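Visitor: I should like to go through this model step by step. Please begin with the term needed to discuss what covers a helix.

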Amino acid sequence: MSSLAHCNFPFTAVAGQESLKLALILSAINPRIGGVLISGPRGSAKSTLARGLSGVMPALQGDDLAPFATLPLGASEDRLLGALDLQQVLQEKEVAFKPGLLSRAHGGVLYVDEVNLLSDHLVDQLLDVSASGVNRIERDGVSHEHEARFLLVGTMNPDEGELRPQLQDRFGLMVTLDNHYSLEERVQIVRLRDEYDQDPKAFCDAFKYKQRNLKNSIQIARNSLSKVRCADVLRMDIASRCQDAQVDGVRADIVWVRAAMAHAAWRGATTVSIDDIQVVETLVLAHRRHNNPPQSPSAKPSSPPPSTPPSRRPPHSLPDDAQGAAKESNSQGDWGSMQPEQQATSERISVPIAHTAEALTTPSANFSEVTPGKQRGKTQGGYRPDASVMGEGVDWFRSIIRHPQSWPPRQLLPKKRHTGLPVLHLVLLDTSASTLAQGVFANAKGVILDIAQRAYLAREQMAILGFGQESVSAVLPKVRAPKEILARLDELAAGGGTPFRLAIEKVSQYLMQQHKATTGLVSQTYILTDGRTQADVTDFSPTSNKALLGQCVLIDTENTPVKRGRGAEIAQQLGADYLLLNSLLETTS
């Protein structure tokens, strides 16, 4: 591990990103700050600086290099916590503990790339250990505990989904990066990287004195940290700022004081000043603030003008998104000529649809009408609720002790499943002009509020696609369901015609890609439309190779005195379950 650490790109050789460097240095001075969360797009040096930290961070136990361990996204619980040492059991017939990544990271850095995609059961374990500093294992016949004090560094790309709130708050500091550099910085970055690639060892040797000096400075600041004092008047100022930011709890106050004291020690002072408090303010509140920073009276929140169609907002487009599709003339008329308009989202409208993997993979009893397409996802490989539990791993302890004299074991027993199957809630929302009548568009967004809230509580993924203005665009890319979605829905406008067939084509392709990319995916598709289209989608029936994988429900938003009944026809063509929005409104009220 030590030889590999020397090959990392030197921390002091990274150009720019001064706020991230400061956050990492402060956390190295006082690991009790709680680690650093780094959010930014690709190419912003997130991973480079995180990995380089071990080269300048003094180890807690006096080693030459601080331990550095990387937690892969696909790691098992055994790999993280430690488990039964199978080799010693077989050779010496003794139950012994084999340390995991938490033991390797003790006194150094535990690095998690794409931490927002980390499995929930691993997140739970990290929360427990980071809070106590002790890793306790009581499983597989092993009873063991050891210290696990480490600096947790996580990186994430915000485009790939949000971080679970409990883990996000556990990070002491957060830095939000961008990858916009000046011309001089770009030239310097490319030059340094080229020199490193040509001869990594020589490049690292050229920066060894800078690395050593920075490490010594961090050690000096760490040693003097106990002498730093923070006056009560400054603690009161911190409390007032946290209250203004409407943060949850008092963890922000605690972290803020620790970070300010670390900054004072870094500059060689023994008392915290107001400058120390202000320097770390953004780092502490970036992921905790619930209100926006104060604006000048003339400043107003910007929002898309009513004439801006959904397709012109900055969406994350679907793969191969066709923006210039053929018009469906029968869906136009007076509605199709209307300019886009916004409608405020209605109150949450409850939808009687299963929202968990277990419920979605069993026959539903919530619908009054069940169509033949109910179970088509299984037959077409959409998901496999009966997939082999061996994918969760083998419980070696139970397998061996059942027949201790037999090797290999007569039967391999699977471990208990820690998490359910991955679930995707895909919403297809009609954003054509006809949905503006009778508040239909507002009510449809109220349905989405219910879907989003349930998916958020279950920590499941969600995506929203809108079809109108002769195009299909992604209102919300596939992410873990966000906690707040109301503002995004309020900004959404409706107008133009109804490219329904194009929307179904895109959904069919999108679901096939998602099911192919994610093993065991369970998908629930919600189609919200008033049915004002003459598009024929019979070739997307459950028996065709273009059928919508997983389960599907069409929620008919039509609200006119004389019903056309197209929604029910479309649901039958697609093999989808059918619900009336008016019925949901009556149930909600």
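Guide: Contact means heavy atoms within 4.5 Å. The model discussed here is predicted.

Visitor: Which elements are included in what covers the buried residues of α13?

Guide: Helix α13 comprises residues 251–266. Twelve of its 16 residues are buried, and α13 is thus mostly covered; among them are W256, M261 and H263. The cover of these buried residues includes α2 (18–29), β9 (173–176), α11 (208–224), α12 (232–244) and α14 (274–285).

Visitor: Which residue with a positive phi follows α13?

Guide: The phi in question is near 85°. The residue that follows α13 with this value is G268.

Visitor: Is strand β13 largely enclosed or largely open?

Guide: Strand β13 covers residues 471–480. Buried means under 20% relative accessible area. Because nine of the ten residues of β13 are buried, the rest of the structure leaves this strand largely enclosed.

Visitor: Which residue in β13 stands opposite Q461?

Guide: Strand β12 (residues 461–468) runs antiparallel to β13, and seven bridges join the two. Their hairpin has two residues between the strands, and Q469 takes a positive phi near 55° there. Within β13, the residue opposite Q461 is R480.

Visitor: How many disulfides does the structure hold?

Guide: C204 is buried at 13% relative accessibility, and C230 is buried at 9%. A disulfide requires a pair of cysteine sulfur atoms within 2.5 Å. The number of disulfides in the structure is zero.

Definitions and conventions:
Residues are numbered from 1 along each chain as its sequence is written. This is a predicted model: local features need pLDDT of at least 70, side-chain atom pairs count only at pLDDT 80 or more; totals for chains, interfaces and linings use all residues. Side-chain values use heavy atoms; hydrogens and water are left out. Buried means under 20% relative accessible area, exposed over 50%, partly exposed in between (1.4 Å probe, protein chains only). Helices (H or I, at least four residues) and strands (E, at least two) are DSSP runs, numbered from the N terminus. The expected span of a helix is 1.5 Å times one less than its number of residues. Two strands pair if DSSP finds at least two bridges between them.
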